[in-house]
Amino acid sequence: MTLDDQQEPRPTYVSPTEGKEPWSAAAFDVLMETAQNYEATVTYSELAEVVQERSGLFTRTDSAHWIGSVLSTVSRRCADENLPPLSSVAVVRPSIGDLFAAAVASPDSALEKREAVAARARLRVYREFASDIPDDVVRALAIAEREEAVQAASKPAASKPAASRPAASRPAARTSRAASQRKAAAASSSRTRASGSSRAKAAPPTRAETRARPAPSRVEAAKPTRRVEEAPAICPTCYTALPATGICDTCD
């Protein structure tokens with residue numbers, strides 16, 4: 001026998017993506033074995049070590065980055081096979097205290113609520129797989145589940161959300177604003193035309209009035225007659241001059 005035959009084979013290192021499937025299969029078996037003993041649990045770090053050893057595939061990536069994905073795969077498999085959630089017997093740290101007391105307690109904080117949900121899930125797992133679960137715990141768990149179902153049924157149905165405003169409301173409001181701008185432009189033009197018409201309809205001066213007027217000086221006669229410009233229509237929203245279309249380019 002040579003020295004090479006006496007050496008142990010080198011471990012195979014893979015990425016978490018490559019090892020996810022075999023690790024999930026090994027984790028399912030480990031959690032099933034753990035669930036056969038009442039109140040038995042396995043920590044995340046312990047589970048990560050065991051699944052690598054059983055599969056023969058190792059990784060240099062810290063288990064905190066991939067053990068959650070493995071447990072999610074186990075949870076989906078349990079749901080597909082109509083099994084209680086085996087992933088609930090995997091915990092961050094070893095369980096301390098009475099499991100049933102934690103399951104039926106009235107949680108106050110969000111952390112206590114999550115722990116209570118996990119404790120109820122573990123009890124369902126033990127009731128399904130453990131052979132040493134006490135009878136009084138089984139009976140008390142059944143009572144707690146019935147009370148929970150009654151409370152859930154007595155809760156009022158969630159009110160329907162308020163109907164959202166139709167999408168056409170914005171275009172309608174824009175159309176209404178454009179219409180008001182056109183009306184303002186029309187009113188301003190009408191006032192201007194009315195003023196010019198009144199000036200045009202004024203009676204011409206009489207011959208006596210013409211004679212009484214002083215003759216304009218050469219300087220005054222040389223002055224060009226100023227043309228009266230019409231006032232532009234103003235936007236009632238942003239107070240800028242409207243274009244010929246009567247619709248404000250800034251507001252539209």
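User: How many aromatic pairs does a search of the whole structure find?

Analyst: In this predicted model, a search of the whole structure finds 3 aromatic pairs. One of them joins Tyr-13 and Phe-58, whose rings lie 6.3 Å centre to centre with 55° between the planes, a tilted arrangement. This pair links distant parts of the chain, since Tyr-13 belongs to strand S1 (residues 12–13) and Phe-58 to strand S3 (residues 57–58), 45 residues apart.

User: Is Tyr-13 buried, exposed or partly exposed?

Analyst: Tyr-13 counts as partly exposed, at 41% relative accessibility, and Phe-58 is also partly exposed, with a relative accessible area of 26%. Over the face of Tyr-13 lies Arg-60, at 3.9 Å from the ring centre.

User: Which residues of H4 are buried, and where do they lie around the axis?

Analyst: The general idea is that an α-helix has 3.6 residues a turn, so residues three or four places apart point the same way. In helix H4 (residues 67–80), the buried residues are Ile-67, Val-70, Leu-71, Val-74 and Cys-78. They cover an arc of only 95° around the axis, which puts them on the same side of H4. The face turned away from that buried side carries the exposed residues Ala-79 and Asp-80.

User: What covers the buried residues of H4?

Analyst: The cover includes helix H2 (16–34), helix H3 (44–55) and strand S4 (90–91).

User: What is the phi of Asn-82, which follows H4?

Analyst: The phi of Asn-82 is positive, near 60°.

Key. Residues numbered from 1 in each chain as written. Predicted model: local features only at pLDDT ≥ 70, side-chain atom pairs only at ≥ 80, totals over all residues. Heavy atoms only, no water. Buried < 20%, exposed > 50% of the residue type's maximum accessible area, 1.4 Å probe, protein only. Helix = DSSP H or I, 4+ residues; strand = E, 2+ residues; numbered from the N terminus. Arc of directions from axis to C-beta. Contact = heavy atoms within 4.5 Å. Phe/Tyr/Trp six-rings, centres within 6.5 Å; stacked < 30°, edge-to-face > 60°. Lys NZ or Arg CZ within 6 Å of the ring centre and 35° of its normal.
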